[in-house]
Amino acid sequence: MAQYELLLPKMGESVAEATIIKWTKQPGERIEPDDTIIEIATDKVDSEVPSPVGGTLVKQLFKEDDIVQVGAVIAIIETADGETNEVPVEVPLPAALSQEPVQQAAAPAENISTADRFYSPLVKNIAAQENIPADELNNIQGSGADGRLTKDDLLQYIASKRDTTTASIPAAAAPVQPISSPEPVNTAKATPAATSLSGGDEIIEMDRMRKLIADHMVMSVQTAPHVTSFVEADVTNLVLWRERVKKNFEKRENEKITFTPIFVEAVTKAIKDFPMINVSVNGSQIIKKKDINIGMAAALPSGNLIVPVIRKADQLNLVGLTKSVNDLANRARNSKLKPDETQGGTFTITNVGSFGNIMGTPIINQPQVAILAVGVIKKKPAVLETEYGDVIAIRHMMYLSLSYDHRVVDGSLGGSFVKRVAEYLENWDVSREI
């Protein structure tokens, strides 16, 4: 008999850790090759870890809800054929999370603060955006397992810190209340109103993904002052072109061409025209992104949203964009996305038109600075200018709305960008071959 050390596999370049959701095998159970041992989750994606060998599960080295570093030993499997790991473990297992001592190598510096405390990628991102140094982060009390600092802990700390700062402003520096105001303005954080319940009300606990979405949305609104600009676009030529090519395209490529890859192409062109939309903010620094990675919001069967990312979208032609969009959307619906496929986006598109909505005011997907909502395409009467005068005709019209971070994107840039996207859609070549 030999023992095989099952490692938490690498899940992408930017994914360093995962949370254990559920053990599907218990100690003493027989395991066949490719059997799922454990279900894990990163910030947005749930995944399964299969066993590469057959045998009997001997030990579970972590508990459910523990956070595990990529490359750490998560289980011991006893095999009958003497199969063992060929590569020794190099990524450390945090001692505070381990149930049993396991010999480990030194921890990577980027995963450890000055107090040898581990933080999730989202916690570290929030801390960086709020300019919270490592020594201050180490002193924040955590409510997670073994004192781990959760997102809620950090957001509550930031809110209380802001309240304290507001309260400490000298009275002479405080803004004077207008005489017409019936009572002073309360600058402190509002206390949520108490929720009243009746006998027939149903209480539904948020699932893990909904909690993450809620935290991310609140953080985004607290971080960035949102402004939204709107334009209306006449996409008649685009609609007629798609009707002409879609059957032959599907027959040739075995793929359906939707409007989404067309929107992505228009956005990438507009980003090249206005590259300061493709940025992020780090304190007082503006980080101009080299790559154009477009996230596309996709609805899951559970009702939650996920944003898979098309990397270097500007380097793909329309056929490539169509294949990427369809592949990511299908795997998102079937919970088959890899964790790294939701990371690294620099700009996001959300299609509110798929729900029949004419427009929306989306919340920015931090740390990006802008998000585009595309509304439903509807036939409407519109005024056309002709050489014989103005006429009213039935046209295919849609609204585009761009929400942007007013700290770094002003109205001129935001308005010009969304107008340029509309122009690329309006000026579509009806004779274009694909």
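Helices here are DSSP runs of H or I with at least four residues, numbered from the N terminus. The model is predicted.

**View 1. Ser-220 within helix 4.** Ser-220 sits in helix 4, which covers residues 208-223. The residue is buried, with a relative accessible area of 0%. Leaving aside residues up to four places away in sequence, Ser-220 touches His-226, Ile-363, Ile-364 and Gln-366.

**View 2. The whole protein.** The protein has 8 helices and 19 strands. Of its 434 residues, 43% count as buried. Take the contacts between residues at least 6 apart in sequence: 63% of them join residues at least 24 apart. The protein exposes about 23,400 Å². Carbon and sulfur atoms supply 52% of that area.

**View 3. Helix 8 and its cover.** Helix 8 runs through residues 411-426. At 1.5 Å a residue, its 16 residues should span 22 Å. The end C-alpha atoms are 22 Å apart, which agrees. The buried residues of helix 8 are Leu-413, Gly-414, Phe-417, Val-418, Val-421, Ala-422 and Leu-425. Helices and strands both contribute to what covers these buried residues. The helices include helix 5 (236-253) and helix 6 (260-273). The strands include strand 9 (226-234), strand 16 (347-351), strand 17 (370-374) and strand 19 (389-405).

View 4. Strand 1 pairs with strand 8 (residues 73-79) over 6 bridges, in the antiparallel sense. Within this pairing, Leu-6 has Ala-75 of strand 8 as its bridge partner.

View 5. Side chains alternate along strand 1. Ala-2, Tyr-4 and Leu-6 point to one face and are buried.

**View 6. A nonpolar surface patch.** Phe-230, Ile-358 and Met-359 make a nonpolar surface patch of about 250 Å². Phe-230 belongs to strand 9. This residue is partly exposed, with a relative accessible area of 39%.

**View 7. The salt bridge between Lys-25 and Asp-35.** The closest N and O atoms of Lys-25 and Asp-35 are 3.9 Å apart. Lys-25 lies in the loop between strand 2 (17-23) and strand 3, and Asp-35 in the loop between strand 3 and strand 4 (36-41), so the pair ties together parts that are 10 residues apart in sequence. Lys-25 counts as buried at 17% relative accessibility. Asp-35 is partly exposed, at 23%.

**View 8. Other salt bridges.** The protein's salt bridge count comes to 18. One of them joins the side chains of Arg-432 and Glu-265, at 2.9 Å from N to O. Arg-432 lies in the segment after helix 8 and Glu-265 in helix 6, so this pair ties together parts that are 167 residues apart in sequence. Arg-432 is partly exposed, with a relative accessible area of 24%. Glu-265 is buried, at 9%. Elsewhere, salt bridges that share partners join Arg-242, Glu-243 and Lys-246 into one network. Glu-205 and Lys-211 also meet in a salt bridge, at 3.4 Å from N to O. Glu-205 is exposed, with a relative accessible area of 63%. Lys-211 is partly exposed, at 38%.

Definitions and conventions
Residues numbered from 1 in each chain as written. Predicted model: local features only at pLDDT ≥ 70, side-chain atom pairs only at ≥ 80, totals over all residues. Heavy atoms only, no water. Helix = DSSP H or I, 4+ residues; strand = E, 2+ residues; numbered from the N terminus. Expected span 1.5 Å × (residues − 1). Buried < 20%, exposed > 50% of the residue type's maximum accessible area, 1.4 Å probe, protein only. Contact = heavy atoms within 4.5 Å. Areas by Shrake-Rupley, 256 points an atom, 1.4 Å probe, with all protein chains shown as cover. Patch = residues over 30% accessible without salt bridge, like charges linked within 9 Å, V, L, I, M, F, W, Y side chains within 5 Å. Salt bridge = Lys/Arg side-chain N within 4 Å of Asp/Glu carboxyl O. Pairing = 2+ DSSP bridges.
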